[in-house]
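Dear colleague,

Please find the structure below, handed over for your records.

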Amino acid sequence: MTKTFLARLAAVAAPFVLALGLGSAPQLAGAQTPAAPQAAASAAAPAPVAVPEKPAAPAAAHAATAKVDNPYGVGALWSQSDAVAKAVLAILAIMSMGSWYVIVTKLLEQMRMGRQARAVDNEFWNAGTVQAGTARLAEGSPFRFIADAGMQATQKHDGLRGKVDFADFVDLCIHRATERVQRRLSNGMSLLATVGSTAPFVGLFGTVWGIYHALTAIGVAGQASIDKVAGPVGEALIMTAIGLAVAVPAVLGYNWLLRRNITVMDDVREFSGELHSVILAGSAAA
């Protein structure tokens, strides 16, 4: 009886077991199907070949050492400019060289006169006579030139000059010599003033000429592209910069040397006044 019950239970459960097996079979097949093609593809595909990378260091070094030509520099301006622009550049260069020459030479002259002024205090005024003190001064010294003028005044006070008061005549001769020293000391200062006042306008003329070339290039090309305008405009800006670079040192040098000239001339005038007094005192004692 028990066997009969189990046989019936198995017969009833068999359809359910068969249905569960059929439902799970497609899922297992779907889960296993993609793996097979992938494995086959990976097995059939050739192994990747390693490509060696090119070293980047030589290229970077070459890029770092490569020279980039500036088509808008001063060299390009000189090579590509016309006769007018070259003339403007030449004038500015001459102005700059002339102003620097004056600045250097006048500075050396002022320093030399400062040393000669100290030599006057140590040598001239310690001498016994004006003639002996004059002989101690260096040749070409402005102080010796003034001392010689004072000594010659004492010897030329005769004839028509003798009708002039002796003190006034000596003062006139010394004053004339002092003025000559001042004029000699002021030589070249007018060049600095001229360069400082005219160099910006010369550079401005070059600027106007460069803008004219820019407008001409635009008209010929028919379009205001940067490659047509950059060259002439760069030329114009460089002209302006050069004009200012020439004018500014000239103006500064003029003002600086002018103040130094005042200091040097104070020493010269002080020497002239004392020399005049000494000569008058010597003539009165004689």
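Which residues gather in a patch of positive charge on the surface? They are Lys156, Arg161, Arg176, Arg180 and Arg183. A patch is made of residues with over 30% relative accessible area and no salt bridge, like charges being joined within 9 Å and nonpolar side chains (Val, Leu, Ile, Met, Phe, Trp, Tyr) within 5 Å. Lys and Arg count as positive and Asp and Glu as negative, while His and the chain ends are not counted; the place of a charge is taken as NZ of Lys, CZ of Arg, CG of Asp or CD of Glu.

Please note that this is a predicted model, in which local features need pLDDT of at least 70 and side-chain atom pairs count only at pLDDT 80 or more, whereas totals for chains, interfaces and linings use all residues. Residues are numbered from 1 along each chain as its sequence is written, and side-chain values use heavy atoms, with hydrogens and water left out.

The chain has 10 helices and 0 strands (DSSP runs numbered from the N terminus: helices are H or I of at least four residues, strands E of at least two). Of its 286 residues, 28% count as buried (under 20% relative accessible area; exposed is over 50%, partly exposed in between, with a 1.4 Å probe and protein chains only). Contacts are heavy atoms within 4.5 Å; among those between residues at least 6 apart in sequence, 79% join residues at least 24 apart.

Helix H5 (residues 83-124) holds Gln110, which is buried at 2% relative accessibility. Leaving aside residues up to four places away in sequence, Gln110 touches Leu185, Leu257, Arg260, Asn261 and Val264. Trp100 also has its place in helix H5 and is partly exposed at 45%. Together with Val104, Leu108 and Met111, Trp100 forms a nonpolar surface patch of about 390 Å² accessible area (Shrake-Rupley method, 1.4 Å probe, only the protein chains shown counting as cover for residues).

There are 2 salt bridges (a side-chain nitrogen of Lys or Arg within 4 Å of a carboxyl oxygen of Asp or Glu). Lys106 pairs with Glu109, with the closest N and O atoms 2.9 Å apart; both lie in helix H5, 3 residues apart. Arg144 pairs with Glu139 at 3.1 Å between the closest N and O atoms. Here Arg144 is buried at 18%, whereas Glu139 is exposed at 66%.

Yours sincerely
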